[in-house]
Amino acid sequence: MSSKKIEELKKRRQIEIRKKKDQKTYALLVLALWMILLLTFIYTDYQYTSVWIIGLLIGITLQRTRFCFTAGFRDPVLVGSTSILKAIILGLIISTIGFAFIQYFAIGGKEIVIANVPGNIYPVGIHTAVGAVIFGIGMVIAGGCVSGTVMRIGEGFILQIVVMVGIIIGTILGASSFKFWDLNVIKDTKEIYLPSFVGLPLATILQIIALVGLYILADWYHKKNNIML
Amino acid sequence: MKNLEKIYKKPWPYWIGGIILGILNIFLLLFVGKSMRMSTGFLYWGSYILDKIGVDLDSWYYFSQFDDVFRNNESLINNFYTVIIIAAIIGSLFSILLASEFKVKKVKSKKQLFFGLFGGILMGYGTRIAFGCNLGAFFSAIPSLSLHGWVFGIFMFVGAYIGSKILIKFIL
């Protein structure tokens, strides 16, 4: 056979593969299902419409960028790369600014009552450290954090369904032993909201400076240690 | 058209992901009143199953401490967490189908299965005593200007370091 013919065959085969593997129709079907549920939410459970839309965008973003908090925290140790960690810090800087504005208007110049401040503010103490270490070990061993697990289930990984079952079992075990932790550790700790000490504007500025500092540090570490360069 | 195809076929850089997720988190807090979080949803799914098989959850200390979490008509299965988790799974599925890269990926070995399950259990347990996962106790907690987010982040790093050592020793 002449090389021309081989090239032609190759091309035809590639087109065949492409045709076979095109999944756009399924994508549109999935989107249609999502839209039907969106309409259902609009008419029956309006409170969920924004979560439903933002959740979809979170899934798309996680999948397109292969965003993985586990890799963000593991790769600096394993391969010296901080590309994802830097992206995480970037996200933190942006949401710090947005959250600060939301909290600023919620507080409205009055005295700070932590229970009324929007966002995730919880007691901090030994339990935070212990829980985070356990969580960190778990996510590296399982090969993905909670958002990574959710994203990979969508991608078709059976393993991550197993990880999800593990997370469900783990949360149940955690909740059933919560009494021990609460009575011995958590009870004596309280929420520490940084603006309580220096005010919201200064706390925000200081946190952004700290995050930018970390970003620069991560960038320097990447250039020094990344074995992929 | 070519450019559009590039957007849904090619992976996006990490930094774009960081920026979009940061913005989406602001939108969540602004429009929903809750920041990005998921792990509690898995507890509720598990509790739903336990409730169905007759376990008395009301006697659990945990639920007596957090009995005011549900808003209008919310339940163990019908709540913010279920909606955000399912929506994110659908988003990921939609995105990978659009790129024509979807494939069911089987579990490779028993070892992988064991470490997946065990790692998942550790993660789940950690979220209960530290009040959240990588989203709730870190990615949403630090922007909330709560000290526990920073503590969680630092010690998640310690955990990831220990986990990496275990990974190198036993799994790789």
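## A tour of chains A and B

The crossing of H6(A) and H6(B) is left-handed, meaning that the near helix is turned anticlockwise from the far one by less than a right angle (clockwise would be right-handed). The model you have open is predicted: local features need pLDDT of at least 70, side-chain atom pairs count only at pLDDT 80 or more, and totals for chains, interfaces and linings use all residues. Residues are numbered from 1 along each chain as its sequence is written, while chains are lettered from A and ligands numbered from 1 in the order in which they are written.

**Stop 1: the H6 pair.** Select residues 126-142 of chain A, which form helix H6, together with H6(B); their axes come within 7 Å and cross at roughly 160°. Axes here are lines fitted to C-alpha atoms, for helices over the stretch in contact, with angles from 0 to 180 degrees between N-to-C directions. That crossing makes H6(A) roughly antiparallel to H6(B), a label for angles over 145 degrees.

Now show side chains. Among the residues making the contact are Phe135(A) and Met139(A) from H6(A), and Phe118(B) and Tyr125(B) from H6(B); two residues are in contact if their C-beta atoms, placed from the backbone, lie within 7 Å. Nonpolar covers Ala, Val, Leu, Ile, Met, Phe, Trp, Tyr, Cys and Pro; charged covers Asp, Glu, Lys and Arg; the others, Gly among them, are polar.

**Stop 2: the whole interface.** Zoom out: the contact takes 107 residues from chain B and 109 residues from chain A. On the chain B side these divide into 71 nonpolar, 31 polar and 5 charged.

Stop 3: Chain B has 8 helices and 0 strands, taken as DSSP runs numbered from the N terminus (helices H or I, at least four residues; strands E, at least two). Its C-alpha trace spans about 60 × 45 × 35 Å along the principal axes.

Next, pick Thr40(B), in helix H3 of chain B. Is Thr40(B) buried or exposed? Thr40(B) is buried, because 21 other C-beta atoms lie within 10 Å; the cut-off is 20 or more for buried, 12 or fewer for exposed, and partly exposed in between.

**Stop 4: H5 of chain A.** Bring chain A back and select residues 83-107, helix H5. These 25 residues reach 36 Å from first C-alpha to last, close to the 36 Å expected at 1.5 Å a residue. Gly108(A) follows H5(A), with a positive phi near 60°.

Conventions: Parallel < 35°, antiparallel > 145°, perpendicular 65-115°, else oblique. Expected span 1.5 Å × (residues − 1).
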